[in-house]
Amino acid sequence: ALPGTYQVQLTVGETILTQSFEVVNDPRSTVSRSDLAEQLALLQRIHDKISEAHEAIIRLRSVRTQLAGWRTRLSDQTEILDLIDGLGRKLDAVEDELILPGEQKDTFGLNERIRLNAALCSVISVIASADARPTVQAGELAKEYFAQVDVQIEVLENALATDLPRLNSMIERAVPPIVA
């Protein structure tokens, strides 16, 4: 938050408590308000892009779970299974770029390349480490990661826009309706 006066409100049942407070900058700092605003704006853009990447992961994992269900139900339909597997590979590739796949219960000694969500998170500490306008390099690095996230989300969207309708159409033809 930028230096200024803010208000916090607590609501419990019918009771509403309000308290004002002030955020002040370190008095030793000579940073301008516009520099702090630029820092905050970049941090918020990074937060938004990380959220966008995580929402894409949630979406693709939901589709992958549904694919697994259809794979089980239609285990005798080779053409459909091939399409399910192809779409699954595309989803896996996107996930692998955006986030370290699977559960990481024990990552001690894990020698994996950094994924885009972690790369973006690493830029946060650089930008937030000082009361100063973000460096040009930090801004450029964030933009580079933004572009890479956007590419992966576009790959996901394209796969879902092309492969998924074709798969759904094949499933509709393969699964007979319930007749009374």
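How many helices and strands are there in the protein? The protein has four helices and two strands, where helices (H or I, at least four residues) and strands (E, at least two) are DSSP runs numbered from the N terminus. Along the sequence they follow the pattern β-β-α-α-α-α. The model is predicted, with local features requiring pLDDT of at least 70 and side-chain atom pairs counting only at pLDDT 80 or more, while totals for chains, interfaces and linings use all residues. Residues are numbered from 1 along each chain as its sequence is written, and side-chain values use heavy atoms, leaving out hydrogens and water.

**The strand pair**
- Strands β1 (residues 4-12) and β2 (residues 15-23) pair in the antiparallel sense over nine bridges; pairing requires that DSSP finds at least two bridges between two strands.
- Two residues separate β1 from β2 in a hairpin, and Gly-13 in the turn has a positive phi of about 60 degrees.
- Opposite Tyr-6 stands Phe-21 in β2.

**The helix pair**
- Helix α1 (residues 33-73) packs against helix α2 (residues 78-98) at an angle of about 155 degrees, with the axes 10 Å apart; axes are lines fitted to C-alpha atoms, for helices over the stretch in contact, and angles run from 0 to 180 degrees between N-to-C directions.
- The residues of α1 that meet α2 include Leu-60, Leu-67 and Trp-70, and those of α2 include Ile-84, Leu-91 and Leu-98, contact meaning heavy atoms within 4.5 Å.

**Overall dimensions**
- The C-alpha trace spans about 75 × 50 × 35 Å along its principal axes.
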